[in-house]
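Dear colleague,

Please find below the structure that I am handing over to you. My findings follow directly after it, and I would be grateful if you could read them alongside the model.

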Amino acid sequence: MTFIIHQATTDISAFQTKPPAPAKEPAGEKTSEEQAAAAATDTAEEAQGITLSNEDKHVLSGEKAKEDEEKYEDVPAYIQRMLERLEEIKEEITLLKEELMELQAERTPDEATQQLTEMKSQYLMQLQEQYFDIIKNIQEALKKEGITDPGIIIRAIT
């Protein structure tokens with residue numbers, strides 16, 4: 001492979017002079033060039049397939065936050081936090097189970113993979129214990145507050 005180096009004969013001072021600034025148009029009006037560039041950008045993004053999933057749109061619009069608030073609006077704040085933590089643990093357990101399945105699917109696991117699988121299995125057991133402890137604590141807190149609606153626990157579990 002050969003490289004060709006091209007040397008310019010112009011002086012560096014030619015690059016140091018600034019061209020005159022273009023005349024400014026009134027604010028708020030776009031030139032046809034700017035409009036064409038914006039349209040080209042939009043079509044390029046559409047061609048690349050840049051879109052949001054329905055779930056992302058749901059989160060960004062704030063509807064998800066409103067639904068979460070409505071879901072537990074009839075319980076005290078500390079029970080709401082416990083229910084939120086329960087959901088977080090449930091998601092973490094699901095992800096951890098998927099990771100363990102991938103690790104166990106390896107045909108010839110080496111020693112490091114076996115140790116990682118063992119560590120993740122122990123962590124999964126700890127998370128499951130926490131999950132059931134939180135359910136028990138939520139039940140006791142609901143009973144203490146005099147709330148007898150079983151739907152609160154059912155919604156959190158499912």
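**Findings**

Phenylalanine 132 is exposed, with a relative accessible area of 55%. Here buried means under 20% relative accessible area, exposed over 50%, and partly exposed in between, with a 1.4 Å probe and protein chains only. The model is predicted, so local features need pLDDT of at least 70 and side-chain atom pairs count only at pLDDT 80 or more, while totals for chains, interfaces and linings use all residues. Residues are numbered from 1 along each chain as its sequence is written, and side-chain values use heavy atoms, with hydrogens and water left out.

Phenylalanine 132 and tyrosine 131 form an aromatic pair in edge-to-face geometry, at 5.5 Å centre to centre and with 75° between the planes. A search of the whole structure finds one such pair. Rings of Phe, Tyr and Trp (its six-membered ring) pair if their centres lie within 6.5 Å; planes under 30 degrees apart count as stacked, over 60 as edge-to-face and the rest as tilted. Tyrosine 131 counts as buried, at 10% relative accessibility.

As for the chain overall, it has seven helices and zero strands. Helices (H or I, at least four residues) and strands (E, at least two) are DSSP runs, numbered from the N terminus. Buried residues make up 15% of the 158 residues in the chain. The chain exposes about 13,300 Å², of which carbon and sulfur atoms supply 54%; these areas come from the Shrake-Rupley method with a 1.4 Å probe, and for residues only the protein chains shown count as cover. Among contacts with a separation of 6 or more, 67% are between residues 24 or more positions apart, where contact means heavy atoms within 4.5 Å.

Helix 6 covers residues 111–145, and its 35 residues reach 51 Å from first C-alpha to last, close to the 51 Å expected at 1.5 Å a residue. The expected span is 1.5 Å times one less than the number of residues. Helix 5 has 28 residues and reaches 40 Å between its first and last C-alpha atoms, close to the expected 40 Å.

The buried residues of helix 6 include Leu124, Leu127, Ile134 and Ile135. Their cover includes helix 5 (77–104) and helix 7 (151–157). Threonine 113, in helix 6, is buried as well, with a relative accessible area of 12%. Leaving aside neighbours within four places in sequence, threonine 113 is in contact with Leu103 and Glu106. In helix 5, the buried residues include Leu103, Glu87 and Ile93.

The largest nonpolar core has 19 residues, and those with the most contacts inside it are Ile79, Leu83, Leu86, Ile138 and Leu142. Helix 5, helix 6 and helix 7 are the elements that give two or more residues to this core, and helix 6 gives the most, with eight residues. Such a core is a set of buried Ala, Val, Leu, Ile, Met, Phe, Trp, Tyr and Cys residues joined through side-chain atoms within 4.5 Å.

Lastly, the end of helix 6: just after this helix, glycine 146 takes a positive phi of about 80°. Proline 150 lies in the loop between helix 6 and helix 7 and counts as exposed, at 54% relative accessibility. The C-alpha atoms of proline 150 and glutamine 139 are separated by 8.9 Å, with the two residues eleven apart along the chain.

With kind regards
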